[in-house]
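Trainee: I'd like to learn how to read a structure like this one. Could you take me through it feature by feature?

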Amino acid sequence: MGETAATLMVDLIISLDGYASAEGWPGWWGLEGPEYLAWLEEEGKKDFTTLMGANTYRVMAGLSEQAADGDSGFSEEEGASLGGLAAMPKVIFSSTLKEPLVWPNSELVSGDAVEAVREMKRTRTGTLSTLGSLSLCRSLVAAGLVDRYRLVVFPVITGKTGRERIYDGYPDVALDMVDSRTFDGRLQLLEYVPRVIDAPLRRD
């Protein structure tokens, strides 16, 4: 890629057993802490363009609007991290949503998401980062477009109530770790360079 090309990062939160959410549990499984929320706020100040599908857009736009309300019930740190999303540039992939989108700084793309992201990587700068949108993430990984794969692992197993299995439908992917960090003594950030592979890796 050229000097002006953007980097694509799939960015996910996940339970230890591989779920994106769980029925009856609060957001972040109720385990977010001040270090993690402060990190989210700082990440929101970087040169990121956030990519998401229609369902994630609806949920996150609603939460961001609630966070702007003084009586939202969110903590100060939660409100800052959610409210900061309004100022970030966002690209929404959907064939059902119509313009104008109510969430500020949101661009609607109705065509093929993989081809659109491929072109964005070529023509834009900074970091393109997914938010939720599991089917979009799977498509981008399978297409070999992802430069970084970042997880924050929450120490909970939701075998009974877990919803949205993250890895179903993925190709086989080799992961080379490039960063790791612990937040609040319990949340583990893991960052990898992913490589889609055709066969299991074998030792030499």
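This is a predicted model: local features need pLDDT of at least 70, side-chain atom pairs count only at pLDDT 80 or more; totals for chains, interfaces and linings use all residues.

Trainee: Okay. What follows H5?

Mentor: Gly 144 does, and its phi is positive, near 75°. The helix itself covers residues 134-142.

Trainee: Which residues in helix H5 are buried?

Mentor: Leu 134, Leu 136, Cys 137, Leu 140 and Val 141. They sit on the same side of H5, because the arc they cover around the axis is only 155°. Here's the general idea behind that: with 3.6 residues a turn, an α-helix has residues three or four places apart pointing the same way.

Trainee: Back to phi. Which residue other than glycine has a positive phi near 60°?

Mentor: Trp 28 is one, with phi near 60°. You'll find Trp 28 in the loop between S2 and H1, and its relative accessible area is 18%, so Trp 28 is buried. Asn 105 also has a positive phi, of about 60°, without being a glycine. That residue is in the loop between S4 and S5, and at 46% relative accessibility Asn 105 counts as partly exposed.

Trainee: Where is the cis peptide bond?

Mentor: Between Glu 99 and Pro 100, with omega about 0°. Pro 100 belongs to the loop that runs from strand S4 (90-93) to strand S5 (106-109).

Trainee: Now the rings. How many aromatic pairs are there?

Mentor: The count is nine. Take Trp 29 and Phe 154: their ring centres are 5.1 Å apart and their planes are at 45°, so we call the pair tilted. Trp 29 is in the loop between strand S2 (19-22) and helix H1 (34-43), while Phe 154 is in strand S7 (residues 148-154), so this pair ties together parts 125 residues apart in sequence.

Trainee: Are Trp 29 and Phe 154 buried or exposed?

Mentor: Both Trp 29 and Phe 154 are buried. For another geometry, look at Tyr 167 and Tyr 170, an edge-to-face pair with 5.8 Å from centre to centre and 85° between the planes. Tyr 167 is partly exposed at 40% relative accessibility, whereas Tyr 170 is buried at 17%.

Trainee: Which residues do ring pairs link into a cluster?

Mentor: Trp 28, Trp 29, Tyr 36, Trp 39, Phe 154 and Phe 183.

Trainee: What sits over the ring of Trp 103?

Mentor: The charged end of Lys 90 does, 4.6 Å from the centre of the ring.

Trainee: And charges with each other? How many salt bridges are there?

Mentor: First the idea: side chains of opposite charge can pair when their charged atoms come close. In this model the count is 12 salt bridges. Start with Arg 118 and Glu 115, whose side chains meet at 3.4 Å, N to O. Both are in helix H4 (residues 113-123), and being three residues apart puts about one helical turn between them. Arg 118 is partly exposed, at 38% relative accessible area, and Glu 115 is partly exposed at 45%.

Trainee: Which residue forms a salt bridge with Glu 191?

Mentor: Arg 148, with the closest N and O atoms 3.5 Å apart. Glu 191 is in strand S10 (residues 187-196) and Arg 148 in strand S7, so the pair ties together parts 43 residues apart in sequence. Glu 191 counts as buried at 13% relative accessibility, but Arg 148 is partly exposed at 30%.

Trainee: What about Arg 195 and Asp 176: how do their side chains meet?

Mentor: In a salt bridge of 3.1 Å, N to O. Arg 195 is in strand S10 and Asp 176 in strand S9 (residues 173-183), so you have a link between distant parts of the chain, 19 residues apart. Arg 195 is partly exposed, at 37% relative accessibility, and Asp 176 is partly exposed too, at 34%. Salt bridges can share partners as well: Asp 11, Glu 43, Lys 46 and Arg 150 are joined that way into one network.

Methods:
Residues are numbered from 1 along each chain as its sequence is written. Side-chain values use heavy atoms; hydrogens and water are left out. Rings of Phe, Tyr and Trp (its six-membered ring) pair if their centres lie within 6.5 Å; planes under 30 degrees apart count as stacked, over 60 as edge-to-face and the rest as tilted. Helices (H or I, at least four residues) and strands (E, at least two) are DSSP runs, numbered from the N terminus. Buried means under 20% relative accessible area, exposed over 50%, partly exposed in between (1.4 Å probe, protein chains only). A charge sits over a ring if NZ of Lys or CZ of Arg is within 6 Å of the ring centre and within 35 degrees of the ring normal. The arc is that of the directions from the helix axis to the C-beta atoms. A salt bridge is a side-chain nitrogen of Lys or Arg within 4 Å of a carboxyl oxygen of Asp or Glu.
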